[in-house]
Amino acid sequence: MNDRVYHVNNMALACVGEILRTAANTVEICRDMASRARTLYTVLVVHDRQTAKKLSAVFEQRRGNPLEEPCLGRFAEGENLCYVFPYRQARSLTAFAEAQMDSPVIREAACVNLVLACLSSPLPYPLLFMLLDKGQIHIEKDNTVFLTPYFDLSELDAGKAEADCATRCGAVLLDILQTKNRKTLKSFALLQKKVDHGAYRQFAELYHDIRLTALPTEKSGWRKRLRNAWERNGGRVFRVLLALSVICAAVALVILVSYLIFGGFPLFRLFGGSLNTIGGEALNT
């Protein structure tokens, strides 16, 4: 265990593990020893001055809500510049995808979740591109997707924009959608065509195409369609049947009373009449 402790604000961040070390930076997992909860954080420590300047400029590239910070905090530790991010237990997509995503529907749902994670991320596009390119993508048991801020800043390209991120994300989605079955998903075919031509400029376009071509989450058999129809119209059908029942009961009551009083129902006589003669023969004589 390392003995490094970073003091920032009201936190005492003790390094408990190192995820990544390059010439430009390290990525460390730190525990807040000043908190009873001993909360874990991810700390990006930048050693190289030129990289620190470039990263500071990149962090000025705000996207989405301008008030939403891409990290929890920033501080200087000696000659190092440090950034604090939330910590989440890694659950690599590449390690868990094959066993967990065992159907096309689940794969497409995971793709949607990855695009949503990119859309909601406050990270500047150069940093987001780096995470997508280096596979820092993780999946929970419920197929929600998150990114871990494990940056190798020696490869930081400040010129990366949303179009670069969308194209790289599209390539990741193709890997997710690729199945061993011969049947090609509509979503895979559409994304492959557009990714090959570099057609994606925004994450919103990826989201639209996935949702447009995704398989239905549940096949609707005739029983389910019948049940849904009853749920939509059951009240109306019940009222109609109740009205018909009341009318039939009223008619039956009138006929019954008529037979008790008159020995028959006058309306029947009006339409039916009696058959007393056939030719010259009288039937009632």
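Predicted model: local features only at pLDDT ≥ 70, side-chain atom pairs only at ≥ 80, totals over all residues.

**Entry 1: starting at L128**

I picked L128 and listed its contacts, skipping anything up to four places away in sequence: R63, C118, S121, L123, L147, C165 and F203. L128 sits in helix 4, which covers residues 125-133. Buried or exposed? I get 0% relative accessibility for L128, so it counts as buried. I also looked up a pair that L128 makes across the sequence: K160 is 32 residues away along the chain, and the C-alpha to C-alpha distance is 9.1 Å.

**Entry 2: the rest of helix 4**

Eight of the nine residues of helix 4 are buried, so the helix is largely enclosed by the rest of the structure. The buried ones are Y125, P126, L127, L128, F129, M130, L131 and L132. What covers them? My list includes helix 1 (49-59), helix 3, strand 7, strand 8, helix 5 and helix 7. Just after helix 4 I noted G135, which takes a positive phi of about 70°.

I went back to S121, which is in the loop between helix 3 and helix 4. It has 11% relative accessibility, and the cut-off for buried is under 20%, so S121 counts as buried. Leaving out neighbours within four places in sequence, I find S121 in contact with R63 and L128.

**Entry 3: the largest pocket**

S121 came up again when I ran the pockets. The largest one has a volume of about 390 Å³. It is lined by 21 residues, and those closest to its centre are P86, S121, P122, L147 and P149. Which elements give two or more residues to the lining? I get strand 6 (80-86), helix 3 and strand 8 (145-147). Strand 8 gives the most, with three residues.

**Entry 4: F203 and the nonpolar core**

I then followed another L128 contact, F203. Beyond its neighbours within four places in sequence, F203 is in contact with V115, C118, L119, Y125, L128, L132, E162, C165, A166 and C169. Which residues touch the most other members of the largest nonpolar core? Out of 54 residues, L114, L173 and F203 do. Helix 5 (residues 162-177) supplies the largest share of this core, eight residues. I also found a second, separate core of twelve residues, with Y6, M11, F75 and C82 among them.

**Entry 5: helix 5**

Given that share, I gave helix 5 its own page. It has 16 residues and spans 22 Å from first C-alpha to last, close to the 22 Å expected at 1.5 Å a residue. Its buried residues are E162, A163, C165, A166, C169, G170, V172, L173, L174, I176 and L177. These pack against helix 2 (93-100), helix 3 (104-120), helix 4, strand 7 (137-139), helix 6 (186-196) and helix 7 (203-213).

N9 has a phi of about 50° and lies in the loop between strand 1 (5-8) and strand 2 (11-21). N9 is exposed, with a relative accessible area of 75%. R38 also turned up, with phi near 50°, in the loop between strand 3 (25-32) and strand 4 (40-46). At 37% relative accessible area, R38 is partly exposed.

**Entry 6: whole-protein numbers**

I count nine helices and ten strands. The protein has 285 residues, and 36% of them count as buried. The accessible surface is about 17,800 Å², with 56% of it on carbon and sulfur atoms. For contacts with a separation of 6 or more, 58% join residues 24 or more positions apart.

Key. Residues numbered from 1 in each chain as written. Heavy atoms only, no water. Helix = DSSP H or I, 4+ residues; strand = E, 2+ residues; numbered from the N terminus. Buried < 20%, exposed > 50% of the residue type's maximum accessible area, 1.4 Å probe, protein only. Contact = heavy atoms within 4.5 Å. Areas by Shrake-Rupley, 256 points an atom, 1.4 Å probe, with all protein chains shown as cover. Core = buried A, V, L, I, M, F, W, Y, C linked by side-chain atoms within 4.5 Å. Expected span 1.5 Å × (residues − 1). 1 Å grid on protein atoms, 1.4 Å probe; cavity = no way out; pocket = protein on both sides within 12 Å on 5 of 7 lines; lining within 4 Å. Points joined across faces, edges and corners; volume = space filled by probe spheres on them.
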